[in-house]
Structures are given as structure tokens and as C-alpha cells.
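Please read these notes with the model open beside you.

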Amino acid sequence: MQPVRGPLASEPQTVLVPRFCASLMEMKLPGQEEFEASSAPRNIPSGELDSNPGPGTGPSPDGPSDTESKELGVRKDPLLFIQLNELLGWPQALEWRETGRWVLFEEKLEVAAGRWSAPHVPTLALPSLQKLRSLLAEGLVLLDCPAQSLLELVEQVTRVESLSPELRGQLQALLLQRPQHYNQTTGTRPCWGSTHPRKASDKEEASLREQYQNPLRQKLPPGAEAGTVLAGELGFLAQPLGAFVRLRDPVVLGSLTEVSLPSRFFCLLLGPPMLGKGYHEMGRAAAVLLSDPQFQWSVRRASNLHDLLAALDAFLEEVTVLPPGRWDPTARIPPPKCLPSQHKRLPSQQREIRGPSGPRLTSAEDRHRHGLHAPSQELQRTGRLFGGLIQDVRRKAPWYPSDFLDALHLQCFSAVLYIYLATVTNAITFGGLLGDATDGAQGVLESFLGTAVAGAAFCLMAGQPLTILSSTGPVLVFERLLFSFSRDYSLDYLPFRLWVGIWVATFCLVLVATEASVLVRYFTRFTEEGFCALISLIFIYDAVGKMLNLTHTYPIQKPGSSTYGCLCQYPGPGGNDSQWIRTRPKDRDDIDLGLINASLLPPPECTQQGGQPRGPGCHTVPDIAFFSLLLFLTSFFFAMALKCVKTSRFFPSVVRKGLSDFSSVLAILLGCGLDAFLGLATPKLMVPREFKPTLPGRGWLVSPFGTNPWWWSVAAALPALLLSILIFMDQQITAVILNRVEYRLQKGAGFHLDLFCVAVLMLLTSVLGLPWYVSATVISLAHMDSLRRESRACAPGELPNFLGIREQRLTGLVVFILTGASIFLAPVLKFIPMPVLYGIFLYMGVAALSSIQFTKRVKLLLMPAKHQPDLLLLRHVPLTRVHLFTAIQLVCLGLLWIIKSTPAAIIFPLMLLGLVGVRKALERVFSPQELLWLDELMPEEERSIPEKGLEPEHSFSGSDSEDVSSRLGPLRRMCRGLGERSCPGAVPK
């Protein structure tokens, strides 16, 4: 017969056909009479099937990711589902049974247990691959077969000269027999042909319904295709029969596979009986080959037998051999948490698609891990005044309608509740601290109003609306210093603060006009981790400090303390109360203290019986401090536990995702429920009830001068310069962290536009006498974490793919509108205990701190070398150098904390700027290769070091064992620094 041409073939292809023995056994098989009539409805075009895909969506888990495919300039191949059907029952009753399936990993049918095995990495015996290669080399290979049904395909496969017409018919009837799938009922053997057409049609319709309702279909993305491997022993064959078919157009082949998908590949492996599981292992080998993305890429483009065998040989060259006797062959290797990139396994043909003029073929993972800054439009200098601002506006304007439409999702509702409570707690906390620092010039009401106005305006106008504006620790420190300075020099605080705000807004506008935001390219991970760790520690310190302060408000009563002891005193015989003159013996409840009678009855019962409670502990509640601590720890640990549920083995994936998304909200509800159940008078969330300034006698607009001399308006430029540096560093470091490429943001950043909005809001809040606001690192990261998108269509055994962040403006806008309306929600909010909100504060700080690479390197300081994880970082950098780099970061963090907490905090902005200088000085201590792994290179270093000199020495192989994708930490670049694959999330998390 003449085979079909391949897509790149220019001449007819040579087909090798095996020889068969002349003596063949006679046997009867069910099958053929009414096949055409019964199989006609199954010929469903693939286009019709794809037009009504399953609910699962998401990128294909095989081969390069969508991002990599775009960068590589190659077409994305459909996901391939492979099924192994084995011929069982020889010689009594032959039937095809599904025994294995592959999407990304292997699943075996455990017949005795009646279930599919857990997905695992397949292991093959080397002889099975060698036998498969020999069988394919001598067998039938049809590429771009035009068959449109299973009957036509079987006729093509069995059109062999060595087969007699009778045996050809028997073989066709055997191949047309419907296989038994696990999800089908196992009683009578269903078959394609039947003497009762109506019954056969009913069975076929039921079978097709089962195919469409198969739960596995929900995990396959639209456009997925199928590949089928048929293997088994057939006694009437004297020699093996092998065939490999690639269909020109994918076609649904009836019930050949358990999931109704258009088939692209068909592999037949039959032969005489042999010892062991020869054909079973060859069938598994063929299925594993088809599940390999690079083999599949090559086979889809093969034009002849030589290309097919070359793809198989390329697979064999990359096989890892496990020595016998050193491992258990029955053991199943669990799937890795982060799949390796397929870029380095690309066939040479695929590398040449782009041609010499195309871009260098490097995956996004390699670029990120090498720390090379890809050219970013947001950070390119235009050379014109406000040129960067204009580019930001032009870049973000087309996305503005979608910034609201993309928020129509249930996940956004969860994010609103979570961030709203965090924002309200932050506003109350910093509002109280600000009131203490400014002696009542500003307070909680100004904090609520400023948060609502500034936050809502920023969400409407900013380039990165996912940013949450709030009061921050460094700005609060500066406010305290500014008030102390005004008090020491007898200045009117709010007018002086107004001029400081005017100068800060002016300086920030100058920075926007001169495109100073491009300097954020020098903010490497060293600077970001130091700042992020400081802010996280401030959150943790404030949460714990607030809890400890409750012990002063509600003191813990201990024996011997001044607040311990309460006795019920009864009137004396004369009707007058006697004096309490002696203490209670330890071994008696009812005592006689001279002329008085006393007991240890509770105060309410004492009053009912005519007594009078006496003692310092009679009117205190001893349980509030301990119960507040219980609520604090409960909300913290419950939020942490629910966040980790997503990566656990409990509950269905939908339930796990819901619990993880609403972890903080559920933790708050649990704390409120415990508090309401016991009814103790724990401190509750208190919001202002009246809309008026905290400082009596002042209006909402601040007078420009007040009682201050006019020249103080000029002198205010000096503190404003320091505050401008702080605002720039605080705002831009947070912006750099939020706009990391690992978050896969699609709508771009707006560094210049964000700084412009902050400058305008600085002017507005200064005029109204409201607190100053910049990007809040921890809350903004929590906001992004609550909006992370993951694929629903995941291959069995594969973790959900991180797809990016749900970029929109509505969640932040609603959060700040609700914050402003909280003044009118006081009757509802008063039931939320403050210890619960402190626990959420602690959770946010711990989650942010534990997500940065710096924390993991600190843990290495406490680990003996033999117990340290096998990180790629430690493979390329000596441990002493890693500890030195970590120690320098610890010293810098300690200095920042000390300066922040002392009167020298006025130079705190300069110390933040000094982190960049310290990082620059580290180039004299560490080599570029070491900085490449420990941090990342600065722009000058990138230009001075040839990239080709770094790649061979730092080849990225292996994977870190930690699941960073379970949560979305503030610095997901740690995947690169710790040697992990490109795990987006991988993250808790």
C-alpha cells in the first residue's frame, strides 16, 4: 500500500511491513455485521467537539508554557491524553481493557482495589524501549492518515499483504471491539456489533454520555487531543505486528478512549504470547513516549520513519537509568511540585524556527534566574519633561474599562472582605498612634477619612491599582518627629505640616518630571528584602505589642498581687459592718475574722444573701487578658492553617480553594463567634460616631500660616526634602515588589503615574489636615495574594498552574468606600474583638516575612550543614559566603530598626537610600557569579559581564523541594534565588 505523505515530505515514504507465518489459527470474534450503521454517529468532527468544551480552562501542562511559547515563537501544540488498552483473555474470551492513562503523569488501573492509582512519574525497563524501537522500525508507519472513522483506520492498519482476507476480517473485528473502561459497568461485554440494533444503539448512547460526563474531562483544557495504544498477545500471530499512525485530522473514534476527545495518534502492538509482560511494557513505553512533550513535538512534525526513530533515539539519550538492586521497582515516584522547564530539551529543529534574525531562544525562567533585567517600557527614559508620566497614561488608558469588568468574580468579594478588615484595623491602629504622637491634633477620624479619600482616588487614577495606600511605620515616625520639632520651637503644628506637605508634593512632581523613577532599576533584592523585612517586623511588633498592652488594661490577677482577693463580708450582730482586719487562711473557705463573718462567694451571690463584697479583686474580670490572648492566637493560627489547606490532601479542590481564599474572613468569624459564645467584655473595634475633626476648634481646611512666621514656610523645605526621599523610597520599593515579572501582570506598571498620584494626594491631605499616605507593602501584598488566579484544568498529579493576578480597580475602590462608610457601620463593627484583628495583623506580617529569601537564608544559619536542604544556591556559592551575605543584611536591618526607634529617626530616609549604596559596595566583596545567585546584578554589571560566560557554569538543573507556589509572597523571585523552577505560585502563598 502507499502511505500518506507527512507534512514536510517531498517524496513517497517507504513503509516496512512485517512477514506473517502461513499457518494461522481459526477463531471467531464478535463484531462486524452492522458496524457501519452502529458506528456512524460516532464520527464527530473535532471542531464540533471543541466548540463545546468542558468547564476546565487553563494552560496545557505539557511542553513549554504559553509564555514560553510566545517567546520561542513556536505554535502551541494541544494537550495529549494517552490511553493504554490491553488485549486480555486469550485464548477463551478476548476483550480490550483500559489499564493505564497518561496526561502528564501515569495512572495505573488497580483492578483489585477498583480504582485508579495516584498519579506518579512513570518508570520503564530499558529493554521495553529497545523492543519498541525494533518493532516500529520493522512495522507499519502511517503519517497524516486521512481516516475519518475507526473503521477506516482499522482498514488502513490491517491492509497488509501477508494477511489473508479471512484473517484480516478477524483482526478487524478484534480491533473494532469496544474496550472496557473503568467507569463502565463490567457485566456483559459491550461490543461494536450486535444482532439487536436498538439495544446496541442504546448502549452506544449511554457510552457516549459516560464519555462526556467523565470527571477527567473537567481537567483537560479545550482543544485537547487523544492518543491510543493497543497492546496485547494474540495467539494466531506468529510474528509481532506493530503500527504507528498519525491522523491528518483529529477525529473522535467512538468509545476507543474513556474521554470523548478527537484522536491524533494510534499505536498497535500485537504479537504471539511471550514470557513476562513484554507487550504490556512495550505499550507503556509507547504511551510514555507520547506523553513526553518533546517527543510529541517531533512526532507531530515527522515526515518519515527516520524522523520517528530519531525522536525515539533523542528520548533514549535523555533517559536516566536507575541501577538494579538500589531501589524498589514497585515504588512509585510522586510528581514533583515544580515541573522543570522544557526549554533546554527543545529539538534542534524547533530552535531553528526563528532563524538567525530571531531573538535568542531563552525561556523566561532562564532570564529570571540569571537576574537579567529585561527591557521594560515603564523604566525607559524618554528624555522629555513628564515623558514617563505621559507614556504611563497612554499605556494604562486602553485597560481602564477592563479594570472594572475583570472584577466581576467571587474571588474579588473575598478579597474585599479581607482587605477591608485589614485596612480598618490599620486605620484604627495608626490613627490611635498618630493621636498619641500629635497630642490629639489628628486622630482616628482623620485616619478613616484620609484612608477613604486617598485610597479611593488612588485606585481610580493610579497606574497600579492593586496597591493599597495606608499609613506606614516610617511615615508615622516622621510625623512624630515633626510634631516634637513644632512643640519644641512653639510652632503651630498643622500649618507647619501643611507647608512640609506642599514642598513634598513639589519635590515629588520634580521627580516625576525628570523621570527619576527609572532609578528603581537599582533596587535589587538586597534593598527590597531589607525594606520588606522591616515593614513585616513592624507589623509583627505592633500586633504583639498591642496584645501585651491589654495586660495593663486588664491585669492578670496572681496570688500576692495587689489586685488579688475578694471576700463576702456579712454585717456584724449590731448591724454595722466590721473591718477587714485579717487575711484568709489557705485551707478554709468560710472563715471567722474576729467580729466578722466572711466567705468566698462570688459578688452577685454575696449581694443576694445580704453580704457585701470587699477586696481589690471584687470588681475585676480575671479572664479578659487570657481570653484575649486565646482569640489572638486562634485567629492567627486558624488563618495560617486555612491558607495551607489549598495544598493539602483533604477535601475536593473547590472546597480547598474556597477555604484558602476566605481564610482570613473565616478566622475573624471564628474569633467573633468564640467571643460572643463566652460573652466576656473583651476590647472591641471602636470607630468614630461623629463626623468632626479630633482637635476641637479647627475646621477641615488648614490655615497656611496660623501663628507661625512666614519664613517657616520656606524653612519647611528642609524636613520636606528628607520626607520626599522617604516617600520616594517607600512608594517605589513597594511598586517594584508588586510589579515583579513573577506575578505575570498583563496590564503593566505605572511608576511615574503612581508617584504623581501620591504627590497630588500629599497636597490634598496636607490641606485637609489628614495623615499622609503611601503604598503599604504588607497590605498590598496581601491584596495581590487574595487575587491570584490559578488554572482549573490541571493534569492528574499536577499542581494548579499560576496564571497571574486578577488585575482590576474595583476591589480597592470598594475597600476604601467601605472604610469611609465605617463611621455609619459602628453598630455592626462593635462586635469584632480587637485581639482577633491583631491576630490577622500578625498573620500578614509573618506571611510576608516568611516569603522572602532572606528569611530562608537566616534559617540556614541555625542548621548544621548535613541537615540543610539541597538548594541550588548552596551548590554554586560556598556556605560561608552565603552566611556573610545574610549577616550583612541582618546588620543593615538592625541598624534600620535602631535608627527608627531612636531620636535619630530623622535620618531614616537617608538610611533607606543607603541600602542601595551598601549593595553597590558589595560588588567589591562578592564576585558577579555569587551576586547572581545571592541577589541580582545591577544594570552596569549586566553590561560588563557576557551572558554566555555565565550560562554553562550556572546551568539550572534540579528543583527545590519547597512549595513556594502555595502562597504568593512579596518576593517571588526567591524561586530563582533558591534554585527552584519557575514556580508562580507554588505559592502557598
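1. Contact means that heavy atoms lie within 4.5 Å. By that rule S471 touches N426, F430, P771, W772 and Y773, not counting residues up to four places away in sequence. S471 is found in the loop between β9 (469–470) and α17 (473–488). Helices (H or I, at least four residues) and strands (E, at least two) are DSSP runs, numbered from the N terminus. S471 counts as buried, at 14% relative accessibility. Buried means under 20% relative accessible area, exposed over 50%, and partly exposed in between (1.4 Å probe, protein chains only).

2. A word on the source: this is a predicted model, in which local features need pLDDT of at least 70 and side-chain atom pairs count only at pLDDT 80 or more, while totals for chains, interfaces and linings use all residues. Residues are numbered from 1 along each chain as its sequence is written, and side-chain values use heavy atoms, with hydrogens and water left out.

3. Next, the nonpolar cores. A nonpolar core is a set of buried Ala, Val, Leu, Ile, Met, Phe, Trp, Tyr and Cys residues joined through side-chain atoms within 4.5 Å. The largest one has 138 residues, and V500, L723, I727 and M844 touch the most other members. L723 touches F478, V500, V504, M762 and W772, not counting residues up to four places away in sequence. Another core lies apart from it, with 34 residues, among them L129, L143, A287 and V299.

4. Two strands pair if DSSP finds at least two bridges between them. The sheet is open, its pairing is mixed, and its strand order is β4-β3-β2-β1-β6-β8-β7-β5. At the edges are β4 (115–116) and β5 (140–145), each of which pairs on one side only. β4 is joined to strand β3 (residues 106–110) by two bridges in the antiparallel sense, and L109 stands opposite W116 in β4.

5. Helix α4 (residues 126–138) lies across β5, β7 and β8 and runs at about 75° to β7. For that angle, axes are lines fitted to C-alpha atoms, for helices over the stretch in contact, and angles run from 0 to 180 degrees between N-to-C directions. Helix α6 (residues 165–175) is largely enclosed by the rest of the structure, because eight of its eleven residues are buried. The buried ones are L167, G169, Q170, L171, Q172, A173, L174 and L175. What covers them includes α5 (150–157) and the strands β1 (80–88), β2 (95–102), β6 (225–233), β7 (241–251) and β8 (263–271).

6. A further strand pair deserves a look. Strand β10 (residues 567–570) runs antiparallel to strand β13 (residues 612–614), and three bridges join them.

7. How many aromatic pairs does the structure hold? There are 16. Rings of Phe, Tyr and Trp (its six-membered ring) pair if their centres lie within 6.5 Å; planes under 30 degrees apart count as stacked, over 60 as edge-to-face and the rest as tilted. F526 and F885 form an edge-to-face pair, 5.8 Å centre to centre with 70° between the planes. F526 lies in helix α19 (residues 525–553) and F885 in helix α33 (residues 879–900), so the pair ties together parts that are 359 residues apart in sequence. Both F526 and F885 are buried. One aromatic cluster is formed by F485, Y489, F496, W711 and W712.

8. Charges also sit over rings: this means that NZ of Lys or CZ of Arg is within 6 Å of the ring centre and within 35 degrees of the ring normal. The charged end of R497 is over the ring of W772, 4.1 Å from its centre. For K900 the ring is that of W897, with the charged end 4.5 Å from its centre.

9. Last, two backbone angles. Phi of F651 is near 65°, a positive value in a residue other than glycine. F651 is found in the loop between α21 (624–644) and α22 (653–661), and is exposed, with a relative accessible area of 52%. R744 is not a glycine either, yet has a positive phi of about 55°. R744 is found in the loop between α25 (717–738) and α26 (751–768) and counts as partly exposed, at 29% relative accessibility.
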